[in-house]
Amino acid sequence: MISTDKTENAVGGFDDLDYWIVKTDAVGNIEWQNTIGGIDNEIFSDIQLTRDGGYILGGYSESNISGDKTENSKGNYDYWVVKLDASGSVEWQKTIGGSGEDRLYSLQQTGAVFPESAIQAFRKTHLFQVAQGPGA
Ligand SMILES: [Ca+2]
Ligand SMILES: [Ca+2]
């Protein structure tokens, strides 16, 4: 519920759990926050920075379409993955699960971890070291 630092109500009412994402600056001042969820419980597990400057959130949800949730439950809890942009707005989301209880505990962006400029710099360094190898 709205109180002290929290600026949005729980999506499903007083006893309802949601993801609550709070972005602070380097000294802990709140820059933005977003309460994200459906009418039933969302259990937040993990957040990662993404290469576009945004965030990927992982957890699990039992909500059908309601609040921020745009896909129905597949049965019991499902993985609920939510992509935020750099200012905390939802860009896309995905509900993944079977009929049983599916709990997501961690997630990770795949593909190249570093920007192309860093990869190019690494390649140059690597080639340089090869050139300085035995017999050079
Ligand atoms: Ca909820
Ligand atoms: Ca499920």
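Leaving aside its neighbours within four places in sequence, which residues is Y19 in contact with? The answer is I36, G37, E42, F44, L57, G59 and V82, where contact means that two C-beta atoms, placed from the backbone, lie within 7 Å.

Before going on, a word on what you're looking at. This is a predicted model, in which local features need pLDDT of at least 70 and side-chain atom pairs count only at pLDDT 80 or more, while totals for chains, interfaces and linings use all residues. Residues are numbered from 1 along each chain as its sequence is written, and chains are lettered from A and ligands numbered from 1 in the order in which they are written.

Now the overall layout. The chain has 1 helix and 6 strands, these being DSSP runs numbered from the N terminus (H or I, at least four residues, for helices; E, at least two, for strands). Read from the N terminus, the order is β-β-β-β-β-β-α.

Next, the sheet. Four strands line up as β3-β4-β5-β6 in an open sheet with antiparallel pairing; two strands count as paired if DSSP finds at least two bridges between them. At the edges sit β3 and β6 (90-96), each pairing on one side only. From one strand to the next, the twist averages 20°, with axes taken as lines fitted to C-alpha atoms (for helices over the stretch in contact) and angles running from 0 to 180 degrees between N-to-C directions.

Let's walk across part of that sheet. Strand β3 (residues 42-49) is joined to β4 (residues 55-61) by 7 bridges, and the two run antiparallel. L49 stands opposite Y55 of β4. The hairpin of β3 and β4 has 5 residues between the strands, and there G53 takes a positive phi near 90°. On to the next pair: β4 and β5 are also antiparallel, over 7 bridges, and G59 has W80 in β5 as its bridge partner.

That brings us to the packing. The largest nonpolar core has 10 residues, namely Y19, I36, F44, L57, Y60, Y77, W80, V82, L84 and L104. Such a core is a set of buried Ala, Val, Leu, Ile, Met, Phe, Trp, Tyr and Cys residues joined through C-beta atoms within 7 Å. Two or more residues each come from β4 and β5 (78-84), and β5 gives the largest share, 3 residues.

Finally, the chain as a whole. Among contacts with a separation of 6 or more, 50% link residues 24 or more positions apart.

How values were computed
Buried ≥ 20, exposed ≤ 12 C-beta atoms within 10 Å, placed from the backbone.
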